[in-house]
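Please keep the sequence and the 3D view open as you read.

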Amino acid sequence: MTRLDSPGLRLRQAAEEERPLQVAGTINAYAAMLAKSVGFRAIYLSGAGVANASFGLPDLGITTLNDVTEDVRRITSAVDLPLLVDADTGFGSAFNIARTIREMTRAGAAGVHIEDQVMAKRCGHRPNKAIVSKEEMADRIKTAVDAKTDGSFVIMARTDALASEGLDAALERAAAYVEAGADMIFAEAVTEVWQYRKFAEAVNVPILANITEFGQTPMLSVEELGAAGVSLVLYPLSAFRAMNAAALQVYETIRREGTQKSVIDMMQTRNELYEFLKYHDYEKKLDELFAADKEGQ
């Protein structure tokens, strides 16, 4: 892989050129195509999204490295946008974390974030989260950095300490994770915009803000976050939640009314779908191949 081919390098460049960089959560390959079509320069695969959408499970550390990398491969095969991936706690101890980095790189990811919760983790915006020691998390980051085969692959350290240990401890942890080699910091469940400024001042690396709906963090704008020193703004499951609400409405309507006529206007048309997929280009290629076969007979 050359530096120009590196997804990690493309993510770093995007974060330099668009400040703050908006990162769209994409639940699958088609969602990634939609995000690219409206101009997003980076995308994200949520661990909760993999558990929820691909397996019908809650975000409680139930899915595996192989589960996540399968979705990573599908997305990176469909679009060339740099993909940041939720690697939970690294999927195990030191050797497992090293394997995670190698497999994510092989699957085409631009980077991962690894968090400081215990392996039996919870959603970052739920109560009663338990976290490992600062030293154990620093070791996770050191292991991840050591396992890199692409120097531009991004290792982002997520800290969930704000909720349980307070801001000062969370800042101390962030600094320790950067010292261990983290390229960026993901400050989870931040409740006030000024707290992002504290993280930005404490570490000389990009800070990611997770602007997830129905959680602990307010719906801050790009402008507000940029003014607070945030470098990346993540919307991990926004489109997924909207898709779910729309799908449920359609299912309820069909079941209740015996027809989908009243919700047709909500739907993407067949032609719109075909345009995103370049369906007609595929058909044209098939026609060319069949024509060549007939000529050779």
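With a relative accessibility of 4%, Asp86 counts as buried, where buried means under 20% relative accessible area, exposed over 50% and partly exposed in between, using a 1.4 Å probe and protein chains only. The model is a predicted one, in which local features need pLDDT of at least 70 and side-chain atom pairs count only at pLDDT 80 or more, while totals for chains, interfaces and linings use all residues. Residues are numbered from 1 along each chain as its sequence is written, and side-chain values use heavy atoms, with hydrogens and water left out.

Asp86 sits in strand E3 (residues 83-86). Helices (H or I, at least four residues) and strands (E, at least two) are DSSP runs numbered from the N terminus. Setting aside residues up to four places away in sequence, Asp86 touches Tyr44, Leu45, Ser46, Gly47, Ala48, Val68, His113 and Glu115; contact here means heavy atoms within 4.5 Å.

Asp88 belongs to the loop between E3 and helix H5 (94-107). Asp88 is buried because its relative accessibility is 5%. Apart from neighbours within four places in sequence, Asp88 is in contact with Gly61, His113, Ile114, Glu115 and Lys121.

### The barrel

Now for the strands. Eight of them close into a barrel in the order E1-E2-E3-E4-E5-E6-E7-E8, with parallel pairing. From one strand to the next, the twist averages 25°. Two strands pair if DSSP finds at least two bridges between them. In general, strands of a sheet pair through backbone hydrogen bonds, either parallel or antiparallel.

The table gives some of the pairings.

| Strand pair | Bridges | A bridge pair |
|---|---|---|
| E4 (residues 111-115) and E5 | five, parallel | Ile114 with Ala157 in E5 |
| E5 and E6 | four, parallel | Thr159 with Ala187 in E6 |
| E7 (residues 207-210) and E8 (residues 232-235) | three, parallel | Leu208 with Leu232 in E8 |

Strand E5 (residues 154-159) is mostly covered, with six of its six residues buried.

### Helix packing

Helix H4 lies across strand E2 (42-45) and E3, and runs at about 165° to E3. Axes are lines fitted to C-alpha atoms, for helices over the stretch in contact, and angles run from 0 to 180 degrees between N-to-C directions.

The axes of H3 (residues 47-55) and H4 (residues 65-78) come within 10 Å and cross at roughly 85°. That makes H3 roughly perpendicular to H4, a label for 65 to 115 degrees; angles under 35 degrees count as roughly parallel, over 145 as roughly antiparallel and the rest as oblique. Val50, Ser54 and Phe55 of H3 make the contact with Asp67, Val68 and Asp71 of H4.

Elsewhere, helix H2 (residues 29-37) packs against helix H12 (residues 270-277) at an angle of about 85°, with their axes 10 Å apart. H2 is therefore roughly perpendicular to H12. Here Tyr30, Met33, Leu34 and Ser37 in H2 meet Leu273, Phe276 and Leu277 in H12.

### Backbone details

The peptide bond from Arg19 to Pro20 is cis, with omega near -10°. Pro20 is in the loop between helix H1 (7-17) and strand E1 (21-25).

Phe214 is not a glycine, yet has a positive phi of about 65°. Phe214 lies in the loop between E7 and helix H10 (222-227), and counts as exposed because its relative accessibility is 78%.
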